[in-house]
Amino acid sequence: MTSASDRMGVNPSTGNPALDSLVNRLEALSQEPGFGAQREVALSRALQPYLRYGERVPLRPLPEEVELAKLYVFADFFPEDGQLSLAEQIRDTITTHVPEEERAWLDPLRHSYMDLLEVVSVDTSDPNGRLTLRSLGDKREYPIAGGVFGLVLQPKQVLLTRVIRLSTTPSSAHPVLVGAAVVLSSSMGHALFEAVDQWRRELEAESGSFDLGEWEEFVKRFGHILLWQLAQARLEALLRADRAIHFRTPAGEPFLYALSLYDHHAFQALAEGLAQMEDLQPEENPPSEGHGRQSAGGESRRQWVRRAGSTSEVVVRITLTPVQVQVECDSCERLDEVKHQLASTFGYTLHFRGESTRVPVHAIPEVDLTTEEQTPATVVVDREEERRLLSAFLESVYLEWVDHPAPALDNKTPRQAAGQPALRDKVAALITRNEQDDPCLRRTGQPGYNYTILREHVGI
């Protein structure tokens with residue numbers, strides 16, 4: 001899988017040159033040799049979920065998350081080696097001149113914290129794009145000049161960001177946003193807050209201390225938990241989007257990638273039972289999915305399909321041959337449903353041989369956490385990928401086939417039956433029959449398995 005962008009973040013300017021200069025000074029100081037190791041400790045803590053995902057999940061932190069993690073280093077992190085925090089080092093140093101206009105922002109930055117802020121209103125008539133934001137944690141409201149940033153937001157959206165106030169008095173705070181802001185939909189933002197609040201309650205219960213009741217106190221000490229929960233929310237959204245992908249054939253039909261195969265020796269009983277299932281319709285003239293040759297005795301092969309509601313698209317195909325039942329579905333959930341239906345209807349008449357729910361290779365779908373509704377991605381699967389999936393499925397099915405009892409051989413294994421002269425020709429005919437009804441041959445025009453391997457394994 002390859003990564004796609006997550007259109008969910010914006011980088012507002014603070015609009016204050018002194019504050020911007022201070023942030024740049026802190027960034028440079030954090031990378032000096034004396035503090036470099038502590039910087040790595042702090043960033044690893046703030047972005048821990050992504051380190052834990054490693055190579056298992058193709059998910060990387062957004063640039064906005066990295067910027068918020070850096071601000072965590074500058075404002076919230078206390079070094080573990082005993083040295084002063086970055087803000088304290090600048091405040092107390094006398095070796096480097098720091099302009100007074102920058103120093104004026106040191107304490108406000110030190111006392112700032114990450115927060116989840118709901119957009120209460122957006123004044124688009126104001127050239128400064130004035131916003132009113134409300135903390136989900138303590139319900140405090142902030143009037144902020146958002147500039148261009150304010151013009152791209154919608155009421156009820158939620159920002160994960162950091163607010164700096166020049167004064168601790170709300171009426172004269174002059175709050176500004178600093179660094180980055182991650183924009184979330186209303187439902188995602190509130191879900192993120194509930195997850196963080198639950199983490200806080202569990203921490204209080206475990207420690208027996210309830211000194212984290214004040215939201216401001218909690219996020220100042222544990223603001224990185226907001227980043228952790230955001231990473232988890234992104235992962236869950238990515239997995240939901242991946243599960244919702246619509247796989248299609250080049251002709252635009254649903255791609256039937258979920259497969260199952262059964263052996264049997266009751267063609268007539270199965271044909272009658274499948275014909276009586278109300279949700280299946282016989283496919284009298286199956287589409288030529290591939291261009292393979294018709295099998296000898298191909299007239300015995302029967303097919304039924306299930307169509308999806310108003311679209312009439314085929315979402316299930318069941319192929320009955322004299323010795324096999326092949327099931328093809330457009331999703332894992334649909335395959336499970338069909339398997340349970342077949343098991344309850346035919347019981348031990350069917351002998352399960354294997355299944356595959358491996359999805360086709362595809363890029364990670366794009367996830368936009370700023371909107372409530374996600375449009376499922378569509379992936380077109382080409383013939384090469386289709387043949388690869390079917391070949392892998394058949395190889396897994398036939399890996400131990402010769403040593404499993406076969407209904408068509410009086411429940412003897414093909415290897416046992418091939419050793420008996422009276423059944424040897426029957427084994428050869430069974431392998432030939434499976435070769436002729438190869439589902440990959442039917443769908444792509446090329447066989448999906450080398451059946452000579454089976455003949456060699458049984459000594460024919």
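**Notes on salt bridges**

I began with Glu 337 and Arg 306, whose side chains meet in a salt bridge with 3.1 Å from N to O. A salt bridge here is a side-chain nitrogen of Lys or Arg within 4 Å of a carboxyl oxygen of Asp or Glu. Glu 337 sits in helix H13 (residues 332-346) and Arg 306 in strand E10 (residues 302-308), so this pair ties together parts 31 residues apart in sequence. Helices (H or I, at least four residues) and strands (E, at least two) are DSSP runs, numbered from the N terminus.

Before going on, I noted what I was looking at. This is a predicted model, where local features need pLDDT of at least 70 and side-chain atom pairs count only at pLDDT 80 or more, while totals for chains, interfaces and linings use all residues. Residues are numbered from 1 along each chain as its sequence is written, and side-chain values use heavy atoms, with hydrogens and water left out.

Next I asked myself: is Arg 306 buried or exposed? Arg 306 counts as buried, because its relative accessibility is 8%. Buried means under 20% relative accessible area, exposed over 50%, and partly exposed in between (1.4 Å probe, protein chains only).

Glu 27 counts as buried because its relative accessibility is 16%, and Lys 70 counts as buried at 18%.

Then I turned to Arg 433 and Asp 437, whose side chains meet at 2.6 Å, N to O, in a salt bridge. Arg 433 has 12% relative accessibility and so counts as buried; Asp 437, at 1%, counts as buried. I also found a network: Glu 328, Arg 383, Glu 386, Arg 442 and Arg 443 are joined by salt bridges that share partners.

**The wider view**

How many salt bridges does the structure hold? I noted 31. The protein has 18 helices and 14 strands, and buried residues make up 49% of its 460 residues.

Last, I looked at contacts (heavy atoms within 4.5 Å). Among contacts between residues at least 6 apart in sequence, 68% join residues at least 24 apart.
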